[in-house]
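Please keep the sequence and the model in view while going through the points.

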Amino acid sequence: MKKLDSIKVVGGGTAGFVSALILKTRFPATDIEVIRSTKIGIIGVGEGSTEHWSEFMKYIAADFREVITECDATFKSGIMFRGWGKEDFLHSTSADFDRLNGQSHFIYSHLITTQAPKQDMNPYRVWRGVVPSYFADEDNTHSPYNQFHFNTNKLNDYLTRKALSRGIKVTDDEIIDVTLNNQGEIDTIKGNKKDYKADFYIDCTGFKRVLIGKLGAKWESYSKYLKMKSALVFPTEEAKEYPMWTLAKTMDYGWRFQIPVQERCGNGYIFDSDYITADQAKEEIDKEFGRDIDIGKQIDFDPGALDKAWIKNCVAAGLSGNFVEPLEATSIGTTIQQMFLLMHRLPNHTEKTIDRYNKDMKGIMNNIRDFIVLHYITKKDNSQFWIDIQNQEIPDSLAEKLEMFKHNLPIEEDFRDTSKYSLFGAAHYIHIMNGLDLFDLESIKREHSMYHDFIKDHAVEIIDRVRTSDVETPRMTHKQFIKLVRSQY
């Protein structure tokens, strides 16, 4: 029987502290220590989450008001795509429209069939960037959305304090070497200050992969399908009004993001360095903003994931285990889902357990890979990069889905071949495929026409009710609501 008296988490970024907090909540009697070096910086000028962040907060019993107040956070309803298709579109799933007839998204079916404007795929208030005033109750205890934007450094400080309050030890040291025992497991990790031993280890050392690399993990690149490999990141001034989304706007040789947080915006240009240099990318940024932009840092990366996230007595999480690209903000969500899966697999684990975990992680990562590749199936042709990307090879698993989904809207059954901890399903595909005009409209119309009239009428009724509520309910701006939360916390 495997002991689980102690776990060492190496690396103190978001992935490290998220991992430690989930595992400490699940295994309160286990001694958990985060070993991080304050000399090593953390990547990012702003960070966005997926809806999985709210599940993490609930699990560790954290209050969203803490995040707003202590992390300079703002709410996020989704991602606004500009320049990817004929119209701007928002990838934002919501309980309002994510209703099912069996497994069919009949409301989206109606909207696509009637060729509604892209913004009609979401409630109006989301596009307006406003919060219904009924969330501004006396105690301010309800969060209107389950995704957030964070100031990365303040998020790290917050997670550090949260970890310490939960009995997680936080040690400032840099791990410089790893020694293995006769079974090929990690025996000791050596720091500049001292050596450390544990029953289990979580590698959150980022691209260095200090622990898992010693165990023979191999990187499986997605560069065959995903061509982005460089990023310039930089801050800009605070937005006059906080939009309720992350911006993803196409550029000549890639795309740029903007993440609105309190007091500033985090930005990045994700580009293909086979086409332009970093200096040329900066020139394009300066032109975009109409002024000289001070670049914070350049990050080069190879999109992909480890062949095995779990080897012996070590699991790699965060950038140590996988990184695709910032599109759809998958990094934090992947760590959360990975740790939720691990907490079930870790007790009394065997080699069969490890094999199943690695199989599930491969499915989770292929789900992300395919979904990100989907975004680049666009008809943009304003540069050689966008012309070439139209002929880019896509994974067989995505090609199979596109062939089906072109003529029939996806259902959740289409995603049962991956772990339940995968990030993206039918509704996500519907939003992106509709935004990129990838559906055969006549086929979708025929599919929709087969619904009983009362189902079609019900779709219209729900849409009208949501729209009427959006118009009639008193509202406040996103920034006003953030100030209210801070004043009442």
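1. Asn-322 is located in strand E23, which spans residues 322-323. The model is a predicted one, and the points below should be read accordingly. Is Asn-322 buried or exposed? Its relative accessibility is 6%, and because buried means under 20%, Asn-322 counts as buried.

2. Which residues surround Asn-322, leaving aside those up to four places away in sequence? Asn-322 touches Trp-219, Gly-304, Ala-305, Thr-334, Gln-338, Met-361 and Met-365. As for Ser-94, it stands 228 residues from Asn-322 in sequence, and the two C-alpha atoms are 28 Å apart in space.

3. Helix H8 covers residues 330-345 and helix H9 covers residues 351-375. Their axes come within 11 Å and cross at roughly 160°. Angles over 145 degrees count as roughly antiparallel, and H8 and H9 are therefore described in that way. The crossing of H8 past H9 is right-handed.

4. The contact is made by Asp-370, Phe-371, Leu-374 and His-375 of H9 together with His-428, Tyr-429, Ile-432 and Met-433 of H12.

5. Helix H2 comprises residues 52-59, and its buried residues include His-52, Trp-53, Ser-54, Phe-56 and Met-57. What covers them? The covering elements include helix H1 (14-26), helix H3 (64-70), strand E8 (147-150), helix H6 (152-165) and H8. Just after H2, Ala-61 takes a positive phi of about 60°.

6. Phe-405 and Phe-415 form one that is tilted, with 5.9 Å from centre to centre and 35° between the planes. This pair links distant parts of the chain: Phe-405 is in helix H11 (residues 396-405), and Phe-415 is in the loop between H11 and helix H12 (426-435), 10 residues apart. Phe-405 is buried, with a relative accessible area of 1%, and Phe-415 counts as buried at 7%.

7. The ring of Phe-415 also pairs with that of Tyr-429: the centres are 5.1 Å apart and the planes lie at 50°, so the pair is tilted. Here the loop between H11 and H12 is linked to helix H12 itself, across 14 residues. Tyr-429 counts as buried, at 1% relative accessibility.

8. Further aromatic features may be checked in the model. One aromatic cluster is formed by Phe-81, Trp-84, Phe-89, Tyr-253, Tyr-275, Tyr-376, Phe-385 and Trp-386. Lys-420 lies over the face of Tyr-421, 4.8 Å from the ring centre. The charged end of Lys-479 sits over the ring of Tyr-242, at 4.8 Å from its centre.

Technical notes:
Residues numbered from 1 in each chain as written. Predicted model: local features only at pLDDT ≥ 70, side-chain atom pairs only at ≥ 80, totals over all residues. Heavy atoms only, no water. Phe/Tyr/Trp six-rings, centres within 6.5 Å; stacked < 30°, edge-to-face > 60°. Helix = DSSP H or I, 4+ residues; strand = E, 2+ residues; numbered from the N terminus. Buried < 20%, exposed > 50% of the residue type's maximum accessible area, 1.4 Å probe, protein only. Lys NZ or Arg CZ within 6 Å of the ring centre and 35° of its normal. Contact = heavy atoms within 4.5 Å. Axes fitted to C-alpha atoms, helices over the stretch in contact; angles between N-to-C directions. Parallel < 35°, antiparallel > 145°, perpendicular 65-115°, else oblique. Left-handed = near helix turned anticlockwise from the far one by under 90°.
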